Amino acid sequence: GIKRNTVVLPPGYELISCNYPSQVLQQEDGRVAISFWNSTPAEAPLTLRAVPSEGVGTAKTAVPGVAARLDERAHQNRKIVYFLQQPETHAFDLYHNYTESRPGASTYINEVRAGSAVSKPSARNLDTGEELKWEVVKGDAITKGGYKVADVTPRSEIVAFKFAPVQKGESVRIRMFETYTDAARYKLVGQELMWDRSFGRPDNAVVLPKGWILANSSVPATVSETADGRVRLDFINPRTDEIPVLITARRRGRE
């Protein structure tokens, strides 16, 4: 019944069957983990079969260059929620939560997508309530500042949120707020709202502006109503790539 789940097999066992779509991830000690996201409103009918195997090693196999692709998608460390303003503005507010547990880490970098303009960044440490420092960095200043960002160009832009270095065995939970304007991906087409944006994070939500009714969603989502009567769509992306989400809506009370 829990939404995010991981089952780790005993040492020396190999997985031979799994009836629920899952990631299979070898652990540092060589054991096999089965990780999945239960996106249904019911309990997941999970059945695993594993057998002892003499060929199972005791150390994790290192596969060069693919560590990011083996990241556990169901691990509960990030979530993003978009709050759409009226489509004539092309603007939306968002917050994203992130839990950092890597010892020594002290910065979260959010890369601004090409075609988008960022404003009003802020952040808090959710464990202490402390307001965090941030800076917007562009072009060559990204590399000069020591920020680890791939394929930096003169038009590259990031928002860097800073916090006290994480201590070994501890973690820090942060929540970041930003406002974006993106005329190409969020706009009014005739009388219809159109949101056309891809999601790479596992957990994503979009809240429509007040007074708008959902018409289309190209990717399956769970739909709910917020306390103030707005429509909310929640998307789960269990894949390692991006899902292209197209949403259209119409004003309430109009044909």
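Which residue in S12 stands opposite Glu100? It is Val172. Before going further, I note that this is a predicted model, in which local features need pLDDT of at least 70 and side-chain atom pairs count only at pLDDT 80 or more, while totals for chains, interfaces and linings use all residues. Residues are numbered from 1 along each chain as its sequence is written, and side-chain values use heavy atoms, without hydrogens and water.

Let us stay with S12. Strands here are DSSP runs of E with at least two residues, numbered from the N terminus, and two of them pair if DSSP finds at least two bridges between them. S12 pairs with S7 in the antiparallel sense over 10 bridges. Strand S9, residues 117-125, also pairs with S12 in the antiparallel sense, over seven bridges; there, Ala123 has Met176 as its bridge partner.

Now the aromatic residues. Rings of Phe, Tyr and Trp (its six-membered ring) pair if their centres lie within 6.5 Å; planes under 30 degrees apart are stacked, over 60 edge-to-face, and the rest tilted. The count comes to 12 aromatic pairs. For Tyr95 and Phe177, the ring centres are 6.2 Å apart and the planes stand at 50 degrees, so the pair is tilted. This pair links distant parts of the chain, with Tyr95 in strand S7 and Phe177 in strand S12, 82 residues apart.

Is Tyr95 buried or exposed? Tyr95 is buried, at a relative accessible area of 15%, where buried means under 20%, exposed over 50% and partly exposed in between (1.4 Å probe, protein chains only). Phe177, at 33%, counts as partly exposed.

Key: Helices (H or I, at least four residues) and strands (E, at least two) are DSSP runs, numbered from the N terminus.
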